[in-house]
Structures are given as C-alpha cells and as structure tokens.
Amino acid sequence: MLTSILKRTAVTAVALAGLTTAAFAQLELKIMAPAAPGGGWDGTARSMQQALTASGVAKSVQVSNVPGAGGTIGLAQLATSNKGDGSTLMVNGFVMVGAILLNKSPVTLAQTTPIARLTAEALVVVVPANSPVKDAKDLADRVKADPAKVTWAGGSAGGADHILAALFAGTVGADASKINYIPFSGGGEALAAMLGGRVTAGVSGYGEFEGQIKAGKLRVIGVTSSARLANAPDAPTFKEQGVNLEVLNWRSVVAPPGITAEQRKTLGDAIEKMAKSKEWAEILKARGWDDAYLGSADFETFLKGEEVRVEKVMREVGLVK
Amino acid sequence: MDTLLALANGFSVALEPTKLLFCLVGVFLGTAVGVLPGIGPALTVALLLPVTFKMDPAGSLIMFAGIYYGGMYGGSTTAILLNAPGESASLATALEGSKMAKAGRGGPALATAAIGSFVAGLIATIGLAFLAPWLVEIAIQFGPWDYFALMILAFVTVSATFGDSPLRGLTSLFLGIMLGLVGIDKLTGQARMSFGVPELLNGIEVTTLAVGLFAVGEALFVASKRLREPEEIIPIKGSLWMTKQDWKRSWAPWLRGTAFGFPIGALPAGGAEVPTFLSYSTEKKLCKFPEEFGKGAIEGVAGPEAANNASAAGTLVPLLTLGLPTSATAAIMLAGFQQYGLNPGPLLFAEKPDLVWGLIASLFIANVMLVILNLPLIGLWVRLLGVPQPWLYAGIIVFATMGTLAVNPSPVELGFLFGFGYLGYLMRRYDYPVAPMVVGLILGPMAEAQLRRALQISLGDPMILLENPGSATLLGISFIALVAPFVMKGMNRFKAAED
Amino acid sequence: MTPDNPARGFDIPALVVAGLLFAAAGIVLYDISRQTIVSTYGVGPTAMPYVVACGLGLLGLAHLAVAFRGGLPKPEAADGGAVAWIIGGLVAFVAVIGLGGGFVIATALVFASVARGFGRRALAVDLAIGAGLGLVIFLVFAKLLTLLLPAGPLERLLV
C-alpha cells in the first residue's frame with residue numbers, strides 16, 4: 001500500500017513537472033536536443049522546457065532527442081525535415097561548430113536561423129598542485145621550447161578543450177600543429193590523469209575542476225573569460241597574464257532555415273522572455289551555468305565570428321585539411 | 001573508529017522516515033528502469049534531475065543512489081529471463097543465466113543474482129566507507145599503460161573461455177573488434193569505417209549489438225527449428241528457490257566477483273565490463289562442473305553479477321572522495337550534487353559529513369531493501385516464462401525495439417538491431433559463438449584508446465608498457481594465462497608418455 | 001578428418017565465410033587508405049585497423065583450410081516460413097517507423113507476425129494484443145519517462 005502510494009507520488013511528480021503552465025500562453029514549441037538523453041544539450045533543452053512552461057511563455061514544449069556525431073545528425077534533420085517550421089528549435093553550442101568541420105557535415109550552422117545565445121562557461125587550464133609549472137608564462141615557455149613534452153588532457157578531439165589548447169599554443173607563438181593533446185572520454189578520466197600526474201596540463205570547463213581547485217589539488221594557470229570569475233576570484237585570467245586568449249563554451253538555440261521574419265521574431269521574443277524570467281535564473285543558479293544571453297541579430301554576428309575562428313584553429317592543428 | 005562514528009551518524013540521518021521513503025522510491029524506480037534494455041540508471045537520474053532540484057538535497061541524492069543500485073539489480077533480470085542484456089555489464093550474466101532460465105532454473109539464477117548482488121553490494125559499500133581514501137590514491141596512479149594491460153588480461157582470459165572451436169570464437173571476436181572501429185576515432189576525431197553514413201559516426205551501440213545478437217537472433221533460431229525440435233521452456237523445474245547445492249556453489253563466486261568488481265570499479269577507467277568478464281572466466285576455470293558451463297552453470301551467474309554490483313559501489317569511491325565521475329551514472333550523480341552547490345571531493349566529507357555519511361548509510365539500506373523487494377518478485381518473474389511461446393518471443397522482440405528506440409529513435413538504429421539479429425541467427429546455425437563479438441566491441445576500442453594514449457605520453461616509445469610495474473605485472477599475468485594451457489597440455493602429454 | 005561430402009571435396013558455407021572475411025579485411029584496408037588525419041605523437045588511427053585487417057585475413061585463410069578439410073558443422077534444415085514471417089515483421093516495423101506510422105501500429109505488426117512465425121494463426125487477436133502492448137509502452141514512456149517514442153497519427157491524439 002505504502003509502496004504504491006509512493007510510486008504514484010513519484011510518478012505524478014515527474015509527470016506534472018512539465019505541465020504546470022500558465023493558462024494564457026498559446027505557443028506550442030518543440031525543442032530538439034541533438035544528443036542522447038542525459039547529455040549537456042539535453043539538459044539545456046529540458047531546462048528550457050521547464051522554464052518556458054513554468055514562466056508561462058509557452059503552452060507546451062516537447063523535447064526530442066536526435067543523438068549522434070557531435071550534434072550534426074540533429075542539425076541535418078533540422079535543416080531538411082523541419083525546413084520552414086516556425087515551432088521547432090534546436091539546442092546547440094560551441095562544440096557543434098568544430099563537429100561540423102570535423103565530420104565534414106553537409107549542413108552548417110549558416111543554414112539555420114540563429115535565435116539566441118543562452119549560456120556560457122569559461123574554460124580553465126590547470127596543472128597538478130605539485131607541478132613545476134607556475135603560471136601562464138611558464139606554460140607558454142615550455143610549449144615554445146618543446147611542444148611534445150607538454151601533454152594536455154581534455155575532452156574529445158576537436159572539442160572546446162582541444163581548440164583552447166591549440167589557441168593557447170598559437171597565441172604564445174608556438175607551433176599549434178605540434179601540440180600533444182590527449183583526448184579522454186569524460187571529465188572524470190581526464191581529471192584522474194591530472195591528479196595522477198600523468199599529464200602536464202588539463203583543460204575543462206571551470207565547474208568540472210572546481211572541487212579539486214578549491215581542495216588545493218590542482219592549480220589554475222588561467223581562465224579564459226575576459227574578467228575573473230565571480231565564484232573564483234583567486235583564479236587569474238589569461239588576459240591579465242598577457243596571453244590574449246578568450247574562449248567561451250557557449251550554448252544557444254537555433255531555428256530551422258526558411259522561416260519567415262515574423263516567425264523568427266515570435267521565437268526570438270519567446271526565448272528572450274524565458275531568458276529574463278526568474279524561473280530561468282533559478283535554473284541557471286542550480287545548474288551553475290552563466291547567463292550569456294544574446295538576441296537573434298547579435299548572436300548571428302557572434303556565431304559568424306566563432307565559425308571563422310574555429311575553422312582557422314582546426315586547420316592549424318591539422319584536424320581539417 | 002572515527003569512521004564507525006561517522007557511519008553511525010550517517011545511519012541516524014538515513015533512517016529518518018522521509019529519507020527511507022526517498023530510498024524506497026529510488027530502489028523501486030531503479031529496479032523498474034533497470035529491467036528496460038537501453039534505459040539505465042544514468043538516463044533515469046538525468047530525467048529526474050530537473051524535477052528534483054527543489055527537493056531536499058540529502059533526500060534526492062539518497063533517491064539517486066537507490067536508483068543506481070536498483071538499476072544494477074534490474075539489469076540482471078532481463079539478461080537471465082529474456083536473454084536480452086540491457087547493458088554491457090549484464091552480458092556475462094546472460095551467458096549462463098538465460099540457459100538456466102530455459103532449463104527451469106530461472107528461480108535459482110535470479111536468486112543467486114539477487115543475493116550475490118546483495119553480498120557484493122554490502123561488502124563493497126563497507127569497502128567504500130572504510131577503504132575509499134587509500135583505494136583512490138592507488139586508483140589515480142593507474143596510467144593509460146596500466147589500463148591497456150588490464151584490457152589485454154581481460155581479452156586473453158575471456159577468449160580462452162569461448163566455445164570449443166578457437167577458429168569460430170576468434171572469428172566472432174575479430175568481427176566484434178572490427179565493429180569497434182566504426183565511428184569517430186576518439187583520439188583524432190576523424191571518422192573510421194563510416195563511409196559517409198552519419199548514423200555510423202557515433203559507432204555501434206553495445207546494447208544494440210548485444211540485444212540483436214542475443215535476443216533477436218535467438219528468437220529467429222528457435223523459430224527456425226520449431227517444427228523439428230520444438231524448444232520447451234520450463235518455467236520452474238525442481239525448486240524455485242536455491243538448493244543447498246546452489247548455495248554451496250554460489251558463495252565463493254560471490255566473494256571472488258566482489259574482489260574483482262570493487263577495485264576495478266574504483267579505477268577511473270576500469271568500468272563494469274572488465275570485472276564481469278574476468279569473473280566469468282575465473283569461475284569457468286575453477287568450477288567443479290566445467291561441463292555445465294555453456295549449459296547453465298550457477299557459478300557463471302553468481303560471479304559476474306556480484307562483480308557488476310561491486311563495481312557500481314567501486315565507482316562511488318572516486319566520485320565521493322575526488323568528485324571524479326567515472327561512469328555515465330556517476331557523471332549524472334555529480335550533476336545532482338552540483339545542482340545543490342555541492343562539490344564532491346575531500347572537502348565535502350569535511351563540510352557536509354551528514355550528507356556524505358547519510359548517503360553511504362542509505363546505500364546499505366538500499367541494498368537491504370532491494371534484496372527484500374527482489375526475492376519475492378522472483379516467483380512472479382519466472383512465471384513470465386510460462387507465457388505461450390509465440391507471445392513470449394513476440395514480447396521479447398517488442399521489448400528489444402523499445403529500448404533501442406527510446407535512446408535513439410531512428411529507423412537506421414532499428415535496422416542495425418535487426419541486422420545483428422539476423423547475423424546472430426546465422427552464427428547460431430553454423431555454431432559460431434556470439435558473445436565474443438560483443439566482448440570485442442566493448443574491449444577493442446577501450447584497449448586501442450588506452451594504448452594510443454600511453455604511446456602519446458611516451459612519445460611513441462613502447463617500452464613504457466614494460467617499464468611501469470603495474471602494466472608489466474598485468475602483461476606478465478596475461479602472458480602466463482595465454483601460454484599456461486599449452487604448457488599444461490604438453491606436460492600432460494609428457495606424463496602420459498612416461499606412464 | 002574426411003570431408004562430409006567427398007563428391008565435392010569442399011564445404012560451401014566455410015568458403016562463403018572465408019570470402020566474407022576477406023571482403024571485411026578489404027573494407028578495413030580501403031578505409032585505412034582514406035584516412036587523412038594522423039596523430040602527431042604515438043601511433044595513429046590506422047594502426048589498429050591494420051591489426052584487425054591482418055587478423056581477419058588470417059581467419060579467412062583458416063576458413064579456406066577448413067573448407068577443404070571437414071568444413072563447418074552442418075546445420076539442420078531450417079523452417080524457412082517461420083524465419084520469413086519474423087523477418088517480414090521486423091522489416092515492417094522499420095518501414096512503419098521510417099514512414100512515420102508511429103510506434104503502436106509498428107508494434108502491432110511485429111508482435112502479430114512474430115507470433116505467426118511461432119505458429120499462431122489468430123492474426124487479428126495478436127494484432128490487437130500487439131497494439132495494446134504498444135499503446136501501454138508508448139504512454140509509460142511519454143508520461144513517466146518524458147521520452148517520446150516515434151509518434152504517428154495515432155500517437156499524436158494522445159500527447
């Protein structure tokens with residue numbers, strides 16, 4: 001008896017979460033997460049679903065998953081099957097820019113309709129606490145002296161971490177094509193390699209290393225934001241150390257190609273309303289994401305800049321021929 | 001002593017009625033989703049995350065832990081009853097378990113899996129509470145070369161146990177390794193064996209191959225010989241419960257499985273598959289009834305299931321002590337911690353002892369709840385096998401497709417599932433073992449990635465594998481395991497000649 | 001070790017497997033030739049494929065040898081009709097999902113045809129059971145797990 005009540009409570013809690021909507025909203029949206037359930041983009045999509053319905057911006061939001069190939073499979077589907085569909089959005093981000101080049105995707109982000117940039121996370125370069133490398137200059141000297149000897153641990157090849165390592169080498173005047181970057185599957189493995197002293201430096205989103213940094217097991221060489229992070233005032237930026245390096249791992253939403261200007265405005269307004277709602281602010285806080293809202297037009301310009309930059313780096317590293 | 005005190009304090013947190021409730025909900029949900037192929041604890045926790053972020057942190061983390069352990073229990077049920085291993089760690093369980101189920105010994109198989117999981121979970125959780133700080137120091141010293149050597153050991157021991165024809169076993173294994181090449185190469189990011197098909201870029205999903213070869217292939221095979229020698233599934237033959245003999249044959253595999261599972265699970269890249277494979281091959285070697293292996297030996301269920309559960313607890317060692325998420329589920333649990341602004345790691349033990357020890361205590365409680373929940377269910381599960389054969393197999397097929405579709409709703413993925421099903425049918429007809437193929441798909445890419453990482457760090461010098469004591473030892477054991485059977489055979493022949 | 005079929009002197013299935021293994025090795029080699037990105041340090045992405053291709057080639061040779069000495073175990077005659085029903089059901093399932101017919105209809109079809117393959121004749125009853133099963137699964141996934149299984153016209157009425 002108790003069990004069945006419990007089960008029902010849990011079940012209704014799950015079922016109701018997406019349904020508490022304000023009565024007046026009429027918008028019905030579909031959000032595609034171009035990743036498997038449980039991943040980062042899926043988390044963004046489901047959080048948006050929650051914020052859009054809870055704040056009353058949309059009447060209903062359905063999340064679907066089209067996983068595979070750094071999101072490019074979902075991208076292809078958005079550009080073909082959803083063409084001209086003004087009620088569908090897709091979550092994407094910085095990583096997709098690289099994945100498109102790497103996977104030689106026939107569809108690019110230029111074919112989508114940018115709607116908004118939502119969040120951004122600064123990356124961080126760390127070394128084990130007992131490492132002789134002290135700061136960005138130290139690391140730069142070593143990379144310049146012998147790039148092979150400086151091993152970098154981070155996420156997948158061609159992802160944000162890899163691009164940062166290459167940008168760092170390029171910025172300090174070393175040969176970016178010679179960096180010794182070792183991709184690990186999942187943050188845990190890269191972190192273990194760092195703590196075990198197997199690699200020289202590690203790259204990841206700040207949040208992933210935060211616990212170890214605060215525990216004193218890892219030392220921050222630099223963060224990639226323009227100013228010091230609010231939650232880590234002791235961690236120096238690269239900029240202040242004279243390395244002109246700024247990389248943000250951002251997440252955004254885009255709409256299919258071929259929608260009307262009016263549809264674009266409706267979607268843009270809805271997402272703007274969501275991004276400024278208190279429900280979204282709560283989610284950002286709970287998930288540890290930084291608000292990086294950019295409206296449709298600004299985001300479009302920003303996106304073009306990122307595409308150029310990433311392509312240049314990937315050519316230098318030899319990931320794209 | 002401090003640990004004991006802290007643990008007692010943890011129990012006082014975990015035994016609060018509301019926490020017990022959360023734990024119960026967790027184990028219930030976990031068992032329910034663990035039964036579904038393709039939907040593991042990671043996905044469940046991920047889907048629940050947005051719902052729980054307004055709940056009490058301790059409560060929802062306890063619930064997640066319940067789901068985690070529950071999922072491990074549930075996974076064995078389908079592997080045994082339906083021959084559909086829903087996750088790669090249940091593969092070894094399916095090998096003997098499904099044979100036992102068809103012979104009317106599903107009850108004892110499920111029981112030894114449940115009790116084995118309980119024993120392993122209990123011992124491993126004790127290990128988590130008392131050994132975690134030391135174990136993790138050793139674990140992070142494991143470099144890519146050590147992992148590579150560990151994979152080689154798993155390869156060698158497992159290959160020795162598959163089928164009576166080395167040629168057909170190796171063929172199956174190599175086809176699996178070939179499938180493992182498909183997709184984006186982890187170290188350079190370029191596509192291999194994908195031929196411009198976008199769906200291939202993510203590689204072949206282990207569960208798709210396993211469920212296709214095992215469940216779908218089996219259904220086709222049984223149907224094909226239905227008229228000639230109809231398969232008789234006996235839901236219950238003899239005792240539903242474990243006999244004295246079963247107990248006697250199970251306890252040692254439980255302990256050995258735990259001994260494999262817990263430490264390897266605690267390694268950041270150890271995973272749950274390697275210990276189950278090692279346990280399976282060890283039990284096959286040590287079993288007093290080797291002729292039963294392949295026909296439903298209880299040791300082959302008891303060992304791997306214990307290893308599977310112990311490795312789940314092992315995964316929590318780096319998660320709680322260092323904040324290292326080393327499995328998909330652990331990564332999601334970490335997200336669960338972080339949404340309350342908690343960062344697992346050494347500081348968490350100091351800052352929030354109630355929460356950490358409450359969580360560890362609730363793992364004990366979850367374990368007890370699970371065994372109480374699962375044992376009475378066995379009778380019910382086994383009766384499922386009494387469903388008329390056409391419906392049973394039709395149901396198995398529906399079940400197989402559902403898991404695939406939920407994770408990746410694409411017709412292409414379904415095509416793979418059924419293609420592998422047909423392949424599994426052909427392999428059964430010509431007496432090729434199917435399990436090595438899945439083993440190849442799991443271990444091949446892991447071994448390759450670790451070797452290449454090792455060589456990248458050593459700048460191409462292969463001696464790194466022998467210079468490190470860990471990898472050198474493991475490779476040495478692998479070498480002995482590889483040549484020992486031949487040497488033994490030679491010695492026996494020598495002896496026979498002398499007589 | 002005498003061939004089961006001395007008249008022919010070789011075993012066709014073993015030859016076919018040998019041929020397939022050579023073909024697989026060939027595909028792997030072809031794929032290697034198309035790799036453009038190399039690792040800067042250590043071994044590159046083609047090392048493992050070479051090992052696999054060699055292994056497959058050797059296994060192919062071994063199968064050739066087997067084909068002329070004994071061959072593979074002889075399978076018993078299969079009930080082609082039963083297998084055809086099941087495969088038909090599976091193909092129908094993929095087709096219905098691919099064409100957007102939805103999970104419930106697809107499940108009904110595959111359930112009924114597999115049951116038919118196992119000797120049941122009551123097609124209408126099985127279709128109904130399959131549809132019911134599909135519906136329950138669809139609803140459980142959609143409502144409890146918030147996962148959307150492929151939806152067709154029927155499912156859209158529900159969510």
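In this predicted model, helix α4 (residues 57-82) of chain B packs against helix α12 (residues 328-338) of chain B at an angle of about 170 degrees, the two axes lying 10 Å apart. Angles over 145 degrees count as roughly antiparallel, so α4(B) and α12(B) get that label. On the α4(B) side, the contact is built from B:Leu61, B:Phe64, B:Ala65 and B:Tyr68. Facing them from α12(B) are B:Thr329, B:Met333, B:Gly336 and B:Phe337. Sorted by class, the residues of this contact come out as six nonpolar and two polar, with no charged ones.

Helix α8 (residues 206-224) of chain B and helix α17 (residues 435-457) of chain B cross at roughly 175 degrees, and their axes come within 10 Å. That angle makes α8(B) roughly antiparallel to α17(B). From α8(B), the residues in contact are B:Val206, B:Leu209, B:Ala210, B:Leu213 and B:Phe214. Their partners on α17(B) are B:Ala435, B:Met437, B:Val438, B:Leu441 and B:Ile442.

Next come the cavities. Searching the whole structure turns up seven cavities of 30 Å³ or more. The largest cavity has a volume of about 100 Å³. Its lining is made up of 13 residues. Those nearest the centre of the largest cavity are A:Phe184, A:Glu189 and A:Ala193 from chain A, plus B:Phe142 and B:Tyr147 from chain B. Two elements each give two or more residues to this lining, namely α7 (187-195) of chain A and α6 (144-159) of chain B. The largest share, three residues, comes from α7(A). By class, the lining of the largest cavity divides into nine nonpolar, two polar and two charged residues.

Finally, there is the domain layout of chains A and C. Chain A is split into domain 1, which takes in 27-119 + 250-307, and domain 2, which covers 121-241. Taken over C-alpha atoms, the centres of domain 1 and domain 2 of chain A are 29 Å apart. Chain C is likewise divided into domain 1 (12-68) and domain 2 (80-156). For chain C, the separation between the centres of domain 1 and domain 2, again over C-alpha atoms, comes to 38 Å.

Methods: Residues numbered from 1 in each chain as written. Chains lettered and ligands numbered in written order. Predicted model: local features only at pLDDT ≥ 70, side-chain atom pairs only at ≥ 80, totals over all residues. Heavy atoms only, no water. 1 Å grid on protein atoms, 1.4 Å probe; cavity = no way out; pocket = protein on both sides within 12 Å on 5 of 7 lines; lining within 4 Å. Points joined across faces, edges and corners; volume = space filled by probe spheres on them. Helix = DSSP H or I, 4+ residues; strand = E, 2+ residues; numbered from the N terminus. Nonpolar A, V, L, I, M, F, W, Y, C, P; charged D, E, K, R; others polar. Axes fitted to C-alpha atoms, helices over the stretch in contact; angles between N-to-C directions. Parallel < 35°, antiparallel > 145°, perpendicular 65-115°, else oblique. Contact = heavy atoms within 4.5 Å. Domains from an automatic or database assignment.
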